[in-house]
Each structure stands twice: as structure tokens, then as C-alpha cells.
Amino acid sequence: MKPLIYLEIRQIINSIKYATRSPKRLIPLLLMGAWICSWLIQGTAFVSGDIKPRHTDLGLIQHLPVETIEAIIFIVLSIGSMMVMYNAFSSGTMVFSLAHIDFLFPTPVSRRHVLLLQLFKDYIKYGFYVTFLFLVIGAPMYSGLGVALFPWGLLSITAVTALLLTVVNLSHTIYIVFTFGFERLRQAGILIKIALGIGPVTAVGFGIYQYIQTGSSYASILWATNSPVVSFVFAPARWCATLLLAPLLGVTAEEWFHFVCLWLLAGASFALLMSRRENIYEPSLGISTRFALRRQRMRFGDFAGARVDALKEKGTRHLGGLDIPPFGAGATALLWKSLVVRYRVSRSQVALMLIVPVLVIFVIKHTIADQITDMLPYAPAVLLYVVWLLSLTAPTEMRNELKQANILKSMPIAAWKVMLAQTVNSVIYLTAGVLVFSGAMWWIIPETRGPVLLSCIIGAPFLGFANISLTAIPGVLYPQNRDVAQNYISGLLSFFLVSLAVIPSVVLGVLCLIFFRTSYYTAALIISAANIAVGAAGVTISGLIFRRYDPTGD
Amino acid sequence: MLRVSNLTKYYKKTLAVDSLSFDVRDGEIVGLLGPNGAGKTTVLRCVTGIVQPTDGVIEVEGVNLSTNEEDAKRRIAFVPEVPTPYEMLTVYEHLRFIAMAYQTMDSFEERAETLMHRFDLYDKRGDLVLSLSKGMKQKLAIACAFVHDAHVVLLDEPLIGIDPRGVHELKEMITSAKQEGKSILISTHMLDTAERLCDRIIILRKGAIVAEGNLAELHERARMGTDASLEDVFLTLTEESPTNLLAPQ
Ligand SMILES: Nc1ncnc2c1ncn2[C@@H]1O[C@H](COP(=O)(O)OP(=O)(O)O)[C@@H](O)[C@H]1O
Ligand SMILES: [Mg+2]
């Protein structure tokens, strides 16, 4: 145990020193710390009853019967536990660092100690998550209902923690056992999976039966969650759901008993896990390697790389379906390449871009559209907000592109053309998004069909051009996406520049429409002309920076 | 002395090592050669107890790894393939942690100092591993392997990414370890190193031995003249065609 403790303590001390030695690293850290603290303080203030929640819409919860709240909590907890354990058959959740694999695992340090320390660290982490979530979400909610959180809130937190630990221990055990007994224990595995699956299946059966009988979906769901098989298989989740309502309802003797049972289960599952004789190092190899790679990518803001890894994990995939045929030479060929790469790497995002707007519009139509009928013709102005949002993702793409700066710079293409190709690439995706969004509006909400929508469609790509060409500037200024501080600064600058880029459009829009009372189309044309000018300036500036940019220096 | 008998390793359904048997005697350097995915790393990971053999016996100086794991592991030093050391330790602390883990703290200071001088790490002993280059991390991994006095030394592709001076030092360390009577097993792609450094070479393909012996024996096995290079022998023996399936010895 001694070497392990030495390792942990030295690492903690060195990390603190490392973070505090440079303001570049300290500032983002402090900001994040302040953010978390503000949540915690707010949460504890709710707990002690100092402030009342700002959101009065908690009234919705006030009108829900207690059984419903309990049923919702129960469904979330039981489905969550089931998924975690189900997944444990194929991939584990015990993640060690690569350094552990390379340097700790070969040493004679007892495997049991290594496991113990790892579990201990995980438990602390989970306990922290539960407390944090409870303070952030639970505290204001209870406060909205006018109940004091303590002392019973503490009981709720510890009950959820016990359930979480049980699930975690069991899933570790399942994964370890089935990694080695893959063939031998196949039947047992199938049995456990069936046992886990039987709850939801009977629940659905019960629910449908009840729905046919009563015609009330609400009653059927309640009935299904209370059906006997579900109650038996997911008893711990049920206890936990009840205990989460302790601040509201108080605690009965039976619930105290359940609370003790939850902790007994946590203890028993821990003992089960520790009693396993298998080599716990091996099951963690694959997952740890993958996890380390992903974390590294994320830390460096290399999202495209992470996506490529995800593609790789699925195995070599035949890229069937639509593809973009090659076109162009020089800078236009560069544009083709960027379009294709982005399309291939983020297919699921492209699909989301098609589906989400339709869904959003659909929901709007069926919820608030009736109450705001006179505003609907002006609703397309939201498109400008969509443009702004989509522009914010552009710098990340740009910086990913600049990872290949060595190649880009050695090409016989003028720097500004390289930048223009990158910008146009992003503008094309943005325009596609805008078109889908406006198409959905046109189709689902007829009131929006009119000059505002059409002029917004005309103006959007040019606004996008202005925005994106400006956000490209921090992208080339701080191209090292392996550096946390550069990522941070570049993100901050792009946010600022995008907001700056919108100003001409807003000013011109107000002038045209309110002072000179021009038509929407005229306004759109004038604004677009201004945006082309802004965009051209942006491309020129980033081109100049890119020309002087030395890809070999860090 | 390292003895591996009938070692078999399945990762779920993938067969990575197929009933492999070999010895590394005292004062001997054995090279483990084979194309990518042949199972070299898996063999070394079995011997160091990182993965659990599906079948077979591993003995380190007569100590059985599966029944007496901690004792067996104490006798082994291991340099992993493309090592990822603890980034948040300093070079010195890293060496110290390894020595603590192997419970060999006496005369640690002198040994650490010598090793750090040998591998150009002395100036960086207070620096975080985070700031080391790839080659320096490799050197640190080698220093970690030699900071405890193990009798069996395993090195997984140790020569990748270090500068000529580092390679020279490592070769010196390996030969002097051999003179001290240690058993050394090196997995490598670098055929010329294997040719010059190793007393015996084991060629693996798909987890099984296709040939074993010193250079002359390998030439004979591949039915090539002595003027053929190890590269030719390697390519012939690891080729996919069935004509290379060798007659049993
Ligand atoms: N952790 C693992 N899980 C599953 N399969 C693995 C794992 N490690 C290696 N393999 C597989 O075992 C085989 C041998 O790999 P390895 O020992 O790394 O070969 P080498 O080191 O000779 O390149 C390969 O087919 C590889 O895909
Ligand atoms: Mg290998």
C-alpha cells in the first residue's frame, strides 16, 4: 500500500503546483472552480431556506401527485441501473490510467490493494456527483415545494449513493467474470440478462393491458411501475425512490429498514467483487486504452480526431450512400476536400442537423404557437440566432484543419484563398442548416410563409460568411489545439468576434426597416452587401496571418 | 532463468498465443521476432502478470507465476512498448516509486543517480515527466526497469524512438546484464539489432513459433545460404504460404 499512497500524494501535490505556477492554467481553473462553488453555495442556501427559487414554474411539480414523482424517479433509477449492468457484459467501466498499465501492473504490488484504491477513488467521485446533483437540482426543487431538506435530505443522498455503489460493484463483477468465463458461463450470462430484461418487458405488458382496459395512459404507466415483477426485480431502486422523497414525506420504520438494506447490498456487492480471484488488470486494458485516447483528444479540443476514433471502433466501414463527387482545382479542390472530410467524419451530425430543426418546429407548433399567432410572421428572425449559433462551431473546424498546416502551406495556393475555401466550407454547412430550418418552418407553420422568411433566407448565408470569416482569425492566431490555454483564449475571442460581426447587420436592419421603411428584400440586400464586405475583410486578415504563420513553431 | 511452457492466450475468442514453450537461460539474450500482431506483446504481458494466461505455466527462477505471483513479479523487470509514464511525477519521483513498488529501497539513491547520468536524465530529475520528449520517456522507462535488481529482464520494442547515444547505453546495459548472469528477453522489429545482440532468436507468427535458434540455425531452417541476411530469413519464415510450414524438429 505504501508505494500506492506515495504515488497518489505526489501526483496530487505536483498537479496543484503545476496548475498554480502559470496564470494561463490557473485562470480557466479558477473560473471553473468559481462556477462549481456558485452552484454549491446556491444549493446549500436553498437547503437552509435562505432564498426562494427564482423559477416559479416549479408549480408544475407542486401539482403532481406524490406517486407520480416517485414513479418518475423509480423509472429513471431502474432503467439506469439496468443499462449499466447490461453494458457490463460487453464493456467494463473500470478505467485505469495507461501509466498504471505500463508501470504499476508489472510490479509486485498486491492486486487487491490496487483494486481497493481504485474503488475508493471511484466511490469518492460518485459520492461527490450525487451530492452535487442533489444540491443543484434537488435542493431548489424541494425548496420550491416549501420543505426543509435537512435532516432527511442527507438520508436521500446516502441512499442514492448506496444504490450507485451496488450497481457499480455488480457491474465490475459481471465484467470481470465474463471476460474470462466467456465461453463457460454463456448460459449463466443469458439467464442474468433475461432476469434484467424481464422487468421492463412485463412492465410494458402490464401497461398495455391497463391502457386497453382504462384508456388512461397516465394510470397505465403508474400501474406498470407498480406491477409485481418490476417491484421485485428493481426493489432497491424502488426503496431508493421512496427515500428520495423523505424530505417531503418523512421516514417510516419500513423505510429505515430499506435504507439499511440498501447499504447492506452495497457492502455485499463490494465483498463479492473483492472475493473474485481473476486478474482484474486484463479486463481493463482495452477500455483504459480507448478511454485514455479519447480523454487526450478531448483535452486538446480535437473533436474531429475523437470522432474519427469512434468511426474506427466501429471497424472499417464501407462508406455507402451519398458522397460528394470530386470537383475543382487549386483552392476549389481544397473546398471539395474539406466538405467531404467533414461530411464523412460527422455524418451523424449532418443527420441531426436535418432532424432537430423539424422536431423543434414541430414542438413549437404544438405547444406555444397558438398563444403567439400575431408574432409568428416575424418568427423567421430566429434564423439569425441559428446562424450565430452555428458560426460558433466554425473555429473548431478551422483549427482542426490547421493541424495539416504543413501540407496546406506547401501548396501553391494563395493564403487568402486557403482561408476563403475553409470559410466557404463552413458557410455551406451553415446554409444547409438554415435551409432545413426555414423549410421546416414553411412546411409546419403556414403563418411564417412571407417576406420575412424569404429575406432571412437570402441574408443568412452572407451573415454566416461575415461571422465565420471573423471567427477564423482566432483560429489561425491560436492554432495549437493541444494547448488548453490557447483553446480557451481562442474560444473567448471567437465568441467576442462573432458578436461583433452581427453589429453591422443589426444597425443596418434597424436603419432600413424602422427609419427608412424599406421593404424586407431591400433591407436583406443592403445587409448582405455589408456582410460580404465584412467577410472579405475577415478573409484578408486571416490570410495575412496564415501567410506569416510558422507551422513548425509551437 | 525464465521458463514458459505451453503458454496459450485467448482474448475472448481471439487466439493471440498458441501453446508456446521456450526458455531464457541465465546469461542469455533471446530475441522475440515477428510481424505486427504476432503476439510478442501478449507473451511479455503474460509473463509480467498484466494479462492472465488461458493455459500454460510460467516460471521465473523456478517460482510459478500463477501460484506465487508477487514473488515471481519481484524477479522481473519490464520495459513496456511505447511507455506512458506518470506525467505528474518528476523523473526522480518516478524512479523512487518504482523502487518502492519492488521493495528495493536500499542503495536506491546511488543506483538512481547512476542511471539518470547514463540516460541523460540527471539534469531533468526535478522536472515533471509531462515535459519530457517521447525519447526521454523511453529512456525513463528503461531506467525504471534497471532501478531494481531483477534477474529476468523483458524489453518490448525498446529501441524505438531513442537517439543513438541512448541505444548505445541500452545495449551496454543489456550486455552487462548478460555478463551478470541475467536472463534477457527482447521483442523487436529491428532485425540488425537482433542479429548483433541476441544469442538466440525466436520467430513468432500468429502466436506460434515458426523457427528458433541462432543465426546459422535459422539460415539452415529457411533453406538459405549463410550469405542471406536475417531480413531474408525473417521474410521467408513469416510468409503466409504453406510451403514454409516447417518440418517438426
Ligand atoms: N487487450 C486486447 N484485447 C483483445 N485483443 C488483443 C488485445 N491485445 C492484443 N490483442 C490481439 O492479440 C494479437 C497479438 O497482439 P500483440 O501481442 O500486441 O502482437 P505484437 O506485439 O506482436 O504486435 C493481435 O491479434 C491483437 O489484435
Ligand atoms: Mg507489440
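**Salt bridges within and between the chains**

Analyst: K139(B) is buried, since its relative accessible area is 2%, and buried here means under 20%. The model is a predicted one. The side chain of K139(B) meets that of D120(B) in a salt bridge, at 3.6 Å from N to O. D120(B) lies in the loop between α4 (108-118) and α5 (134-146) of chain B and K139(B) in helix α5 of chain B, so the bridge ties together parts that are 19 residues apart in sequence. D120(B), with a relative accessible area of 33%, is partly exposed. The pair also belongs to one network, in which salt bridges that share partners join R118(B), D120(B), K139(B), D163(B), R165(B), E169(B) and E172(B).

In chain A, the side chains of E8(A) and K121(A) form a salt bridge of 3.0 Å, N to O. This pair links distant parts of the chain, with E8(A) in helix α1 of chain A and K121(A) in helix α6 (residues 111-144) of chain A, 113 residues apart. E8(A) is buried, because its relative accessible area of 14% falls under the 20% limit. K121(A), at 34% relative accessibility, counts as partly exposed.

A further salt bridge in chain A joins R276(A) to E278(A), whose closest N and O atoms are 2.9 Å apart. R276(A) is partly exposed at 30% relative accessibility, whereas E278(A) is buried at 15%.

Over all chains, the whole structure holds 24 salt bridges. Three are found across the interface of chain A and chain B. Between the chains, R111(A) and E69(B) meet through their side chains in a salt bridge of 2.8 Å, N to O. On the side of chain A that touches chain B, the elements giving two or more residues are α1 (2-21), α5 (98-104), α7 (152-180) and α14 (281-299) of chain A. Of these, α1(A) gives the most, with ten residues. By class, that side has 20 nonpolar, ten polar and eight charged residues.

In total, 38 residues of chain A are in contact with 36 residues of chain B. The two chains bury about 3,300 Å² between them, 63% of it on carbon and sulfur atoms. In chain A, Y6(A), F103(A) and P108(A) lose the most area to chain B, together 24% of what that side buries.

How values were computed
Residues numbered from 1 in each chain as written. Chains lettered and ligands numbered in written order. Predicted model: local features only at pLDDT ≥ 70, side-chain atom pairs only at ≥ 80, totals over all residues. Heavy atoms only, no water. Contact = heavy atoms within 4.5 Å. Buried area = accessible area lost by both parts, 1.4 Å probe. Salt bridge = Lys/Arg side-chain N within 4 Å of Asp/Glu carboxyl O. Helix = DSSP H or I, 4+ residues; strand = E, 2+ residues; numbered from the N terminus. Nonpolar A, V, L, I, M, F, W, Y, C, P; charged D, E, K, R; others polar. Buried < 20%, exposed > 50% of the residue type's maximum accessible area, 1.4 Å probe, protein only.
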